[in-house]
Amino acid sequence: MSSDSARFTGSIPEHYDRILGPIIFADYAADIARRTAAFVPPRVLETAAGTGIVTRRLRDALPAGTRLTATDLNPPMLEFARQKFKPDEQVEFQPADATELPFADASFDAVVCQFGVMFYPDKAKSYREVHRVLSPGGRYFFNVWDSHRYNPFAHIADGVVQRLFPIDPPQFYKVPFSCHQIDPIKEAVIEAGFADIDVSIIRLEREIPDMDQFAHGIVYGNPLADQVRARGGEPELVVQTVVEELRRAFGSNPGRMPLQAIVYSAGKP
């Protein structure tokens with residue numbers, strides 16, 4: 001993946017995990033871990049594992065004997081994730097590109113991916129790779145964000161950078177919310193060989209304890225700050241503007257905002 005929207009390095013993992021994790025990722029992690037554990041797979045692969053938010057939930061939900069392998073394109077994210085586990089918890093960490101998985105055919109009984117598909121440059125290939133490494137009867141559990149309409153924090157962040165950088169604005173907040181149309185994903189998953197596809201819409205309302213801190217996470221918890229600097233801008237100005245708009249939209253300390261994601265489950269015949 002060559003896009004700068006997929007480079008989660010430097011201080012990004014810490015901001016991503018500490019600030020964004022509890023507000024926008026934790027509840028969806030619990031949901032996808034529960035779905036996976038209910039399937040009782042003996043061998044589980046996680047792609048785009050990031051800082052281990054889902055990995056931690058999976059390890060807690062799965063039987064101790066379950067083999068769990070966590071992968072991500074960005075080694076700094078995996079190093080952050082590794083710190084959440086004791087050596088005897090039997091989690092394997094391995095850098096990997098989800099469109100070229102370094103595993104043999106039929107190596108896993110379930111593959112899990114939380115909010116990663118949107119970043120893959122060749123999504124169809126990623127579905128084929130998951131299908132390849134799954135054993136017959138295995139399942140793929142993944143989720144994607146719904147559109148900006150249902151995730152207004154992202155609409156606010158994207159609108160701010162569009163106004164501050166009218167020429168060549170940073171594009172990060174378009175990428176994670178670019179897979180909200182269900183039919184193209186369904187068709188691509190079927191084309192990859194999957195069947196028995198289930199789609200769920202999960203809407204949440206989350207409390208924002210500290211609006212200033214959340215705004216910092218929105219800017220520094222992903223490649224947006226680097227995209228701003230690359231254009232000669234100042235990330236703190238973006239933070240200040242985002243804070244003002246978040247307060248207008250959701251209130252202040254604590255504020256409340258909606259989130260919405262789409263969850264897929266697909267089986268390999």
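In the predicted model described here, R82 has a relative accessibility of 37% and therefore counts as partly exposed, a class lying between buried (under 20% relative accessible area) and exposed (over 50%), as computed with a 1.4 Å probe on protein chains only. E79, at 42% relative accessibility, likewise counts as partly exposed. The side chains of R82 and E79 meet in a salt bridge with an N to O distance of 3.3 Å, the term denoting a side-chain nitrogen of Lys or Arg within 4 Å of a carboxyl oxygen of Asp or Glu. Because R82 and E79 stand 3 residues apart in helix α3 (residues 75–82), about one helical turn separates them; helices (H or I, at least four residues) and strands (E, at least two) are DSSP runs numbered from the N terminus.

Residues are numbered from 1 along each chain as its sequence is written, and side-chain values use heavy atoms, with hydrogens and water left out. As the model is predicted, local features need pLDDT of at least 70 and side-chain atom pairs count only at pLDDT 80 or more, whereas totals for chains, interfaces and linings use all residues.

By the salt-bridge rule given above, the count comes to 23 salt bridges. One of these joins the side chains of R35 and D31 at 2.8 Å, N to O. The two residues are 4 residues apart in helix α1 (residues 12–39), which means that about one helical turn lies between R35 and D31, and both R35 and D31 are buried. A further salt bridge, between the side chains of R139 and D196, has an N to O distance of 2.9 Å. This pair links distant parts of the chain, since R139 belongs to strand β5 (residues 134–145) and D196 to strand β6 (residues 195–208), 57 residues apart. R139 counts as buried because its relative accessibility is 12%, while D196, at 57%, counts as exposed. Elsewhere, salt bridges that share partners join D31, R34 and R35 into one network.

Helix packing was examined for two pairs. Helix α5 (residues 152–164) packs with helix α9 (residues 235–250) at an angle of about 135°, their axes lying 10 Å apart; axes are lines fitted to C-alpha atoms, for helices over the stretch in contact, and angles run from 0 to 180 degrees between N-to-C directions. The helices α5 and α9 are therefore oblique to each other, given that angles under 35 degrees count as roughly parallel, over 145 as roughly antiparallel, 65 to 115 as roughly perpendicular and the rest as oblique. From α5, the residues P152, F153, I156, A157, V160, V161, R163 and L164 meet L237, V238, T241, V242, E245, L246, A249 and F250 of α9, where contact means heavy atoms within 4.5 Å. The residues of this contact of α5 with α9 divide into 13 nonpolar, 1 polar and 2 charged; Ala, Val, Leu, Ile, Met, Phe, Trp, Tyr, Cys and Pro count as nonpolar, Asp, Glu, Lys and Arg as charged, and the others, Gly among them, as polar.

In the second pair, the axes of α1 and α3 come within 9 Å and cross at roughly 50°, which means that α1 is oblique to α3. The crossing of α1 and α3 is right-handed. P13, E14, Y16 and D17 of α1 and P76, M77 and F80 of α3 make the contact, and by class the contact of α1 with α3 has 5 nonpolar, no polar and 2 charged residues.

Helix α2 (residues 53–61) has I53, V54, T55, L58 and R59 buried. The buried residues of α2 pack against helix α1 and against β1 (43–47), β2 (67–72), β3 (91–95) and β4 (108–114). Strand β4 is also the place of V112, which is buried with a relative accessible area of 0%. With neighbours within four places in sequence left aside, V112 is in contact with I32, T36, V44, L45, E46, T47, V54, L58 and F141. V112 and A61 are 51 residues apart in sequence and 13 Å apart in space, C-alpha to C-alpha.

A124, finally, lies in helix α4 (residues 123–133) and counts as partly exposed because its relative accessibility is 32%. Between A124 and P41 there are 24 Å in space, C-alpha to C-alpha, the two residues being 83 residues apart in sequence.

Technical notes. A crossing is left-handed if the near helix is turned anticlockwise from the far one by less than a right angle, and right-handed if clockwise.
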